[in-house]
Amino acid sequence: MHLLRHLRFSVWLWFVLCAAAARAQAPESIRYDHNEAAGKFYDINGFKMYTEVYGSGPALLMIHGNNGDMSAFSKNVPYFATHYQVILADSRSQGRSLDPDHPLTFEMMADDYAALLDAMHISSAYVIGWSDGGINALLLAMRHPEKVKRLVSTGANLWPTADAFRPGLWDDEKKEYGAGLHKDYATAKEKNDRKLFLLDWQEPHITLAQLHTIQAPSLIMCGDHDLISIAHTVLIYQNIPHANLWVVPNSGHGTLREHTDDFNRLVDDFFTKPYKDFQ
């Protein structure tokens, strides 16, 4: 597995193991992923998209990262579900939203989420996106601005080049990409994993001019030792008209899990306070 995917997968796996341990200690707790009582599939753009909904109030859409699933938000849902309608979904070709025979782009996924909100009869929502989900959140606000009230994007990048990442990471990625050219991807899972790898290797391609079209108030985040460079995160923040910046101290890529309480409270404040008061 190439390094970037390995690092992102390791972060996701650690979250899954922690969630499993918590469930073992408190069996009455809700899983917030693969919960049959809350699960539902929607026919979205040629595939069946798996969703779960918790709580009531204003709609809040949470979008996970590459090769993950909705369980990424298991530590955040209990807080937000007390006063939001929290919408979780497995992105195309990930989790339970299987889509083995189609190409994959970030634009497709952003359109999927807009179509999901339409299918759920939700005119607009607050949006939280982590990692690749942060990219999707930005694109959703660009391509379907009417769907996004406010957005939080943490650990996102605009383009797939070395300057977007912490020093040295992309050089290792390049080696892994070259090695993968000669591999035989025989099983459906191997082919799908390769598709997800190529997504991060080849995309996204978001311009600074496109960022200027985002009208939704935005909170742009990264950890102070994130996979994404601080300079790149600052560049995103500087090019969105109504944006705030939070570089989370003592945090890696998993800001919403490593500093859950602070994340939940500050994001909730960002969603509920007038924009001029939040700055």
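**Entry 1: S218.** I started with S218 and found it in strand β7, which covers residues 218-223. A reminder to myself that this is a predicted model. Is S218 buried or exposed? Its relative accessible area is 0%, and the cut-off for buried is under 20%, so S218 counts as buried. Next I checked where its side chain goes: the side chain of S218 reaches the backbone oxygen of A216 at 2.9 Å. Then I listed contacts, skipping neighbours within four places in sequence, and got L151, I240, H242, A243, N244 and F270 for S218.

**Entry 2: the whole chain.** I counted elements next and noted 11 helices and eight strands in the protein chain. The chain has 279 residues, and 55% of them count as buried. I also looked at contacts with a separation of 6 or more: 75% of these are between residues 24 or more positions apart.

**Entry 3: salt bridges.** How many salt bridges does the structure hold? I noted seven. I went through three of them.

The pair D112 and R92 came up with a N to O distance of 2.8 Å between the side chains. D112 sits in helix α3 (residues 106-119), while R92 is in the loop between β4 (85-89) and α3, so I wrote this down as a link between distant parts of the chain, 20 residues apart. D112 is buried at 0% relative accessible area, and R92 is buried too, at 3%.

For R143 and D111, the closest N and O atoms of the salt bridge are 2.9 Å apart. R143 lies in helix α4 (residues 132-143) and D111 in helix α3, so this pair ties together parts that are 32 residues apart in sequence. I have R143 as partly exposed, at 41%, and D111 as partly exposed, at 23%.

K189 and D193 also form a salt bridge, with the closest N and O atoms 2.7 Å apart. Both residues lie in helix α6 (residues 188-202), four residues apart, about one turn of the helix. Here I checked each end: K189 is exposed, at 57%, whereas D193 is buried, at 17%.

Key
Residues are numbered from 1 along each chain as its sequence is written. This is a predicted model: local features need pLDDT of at least 70, side-chain atom pairs count only at pLDDT 80 or more; totals for chains, interfaces and linings use all residues. Side-chain values use heavy atoms; hydrogens and water are left out. Helices (H or I, at least four residues) and strands (E, at least two) are DSSP runs, numbered from the N terminus. Buried means under 20% relative accessible area, exposed over 50%, partly exposed in between (1.4 Å probe, protein chains only). A polar contact is a pair of N or O atoms within 3.5 Å; within protein, one must be able to donate a hydrogen and the other to accept it, and residues adjacent in sequence count only if both atoms are side-chain atoms. Contact means heavy atoms within 4.5 Å. A salt bridge is a side-chain nitrogen of Lys or Arg within 4 Å of a carboxyl oxygen of Asp or Glu.
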